[in-house]
Amino acid sequence: MKSFGKGFVFGAIATISAVAGCVYAFKKTVVEPIEEREAILDEHRKRAMRKRRSAHQN
């Protein structure tokens with residue numbers, strides 16, 4: 001019974017760490033590039049708004 005308990009705990013820890021690794025990898029490969037692209041596009045929008053406003057100041 002002792003080895004079953006150790007195996008169960010080790011299996012649970014291994015499963016949790018594998019799931020955490022998958023979530024981290026998904027975040028790094030999918031979510032962060034999307035967020036970076038959105039930040040770049042937001043900066044471009046801000047720049048375009050500044051140019052549009054300054055063009056009509058005269």
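Reply: Helices here are DSSP runs of H or I with at least four residues, strands are runs of E with at least two, and both are numbered from the N terminus. This is a predicted model, where local features need pLDDT of at least 70 and side-chain atom pairs count only at pLDDT 80 or more, while totals for chains, interfaces and linings use all residues. Residues are numbered from 1 along each chain as its sequence is written, and side-chain values use heavy atoms, leaving out hydrogens and water.

Me: Where does H1 bend?

Reply: At Lys-27, where the angle is about 40°.

Me: Why is the contact of Glu-32 with Lys-28 called a salt bridge?

Reply: A salt bridge needs a side-chain nitrogen of Lys or Arg within 4 Å of a carboxyl oxygen of Asp or Glu. The closest N and O atoms of Glu-32 and Lys-28 are 3.5 Å apart, so the pair qualifies. Both residues lie in helix H1 (residues 2-55), four residues apart, about one turn of the helix. An α-helix has 3.6 residues a turn, so residues three or four places apart point the same way.

Me: What makes Glu-32 partly exposed?

Reply: Buried means under 20% relative accessible area, exposed means over 50%, and partly exposed is in between (1.4 Å probe, protein chains only). Glu-32 has 21%, so it is partly exposed. Lys-28, at 40%, is partly exposed too.

Me: How do you know that Asp-42 and Lys-46 form a salt bridge?

Reply: Their N to O distance is 3.8 Å, so they meet the rule. These two also sit in H1, four residues apart.

Me: Why does the pair Arg-50 and Glu-43 count as a salt bridge?

Reply: Their closest N and O atoms are 3.9 Å apart, and therefore within the limit. Elsewhere, salt bridges with shared partners join Lys-27, Lys-28 and Glu-32 into one network. The count by this rule is four salt bridges.

Me: Why is Met-1 called exposed?

Reply: Its relative accessible area is 84%, so Met-1 passes the cut-off for exposed. Met-1 lies in the segment before H1.

Notes
Bend = angle between axes of the 7 residues up to and from the residue.
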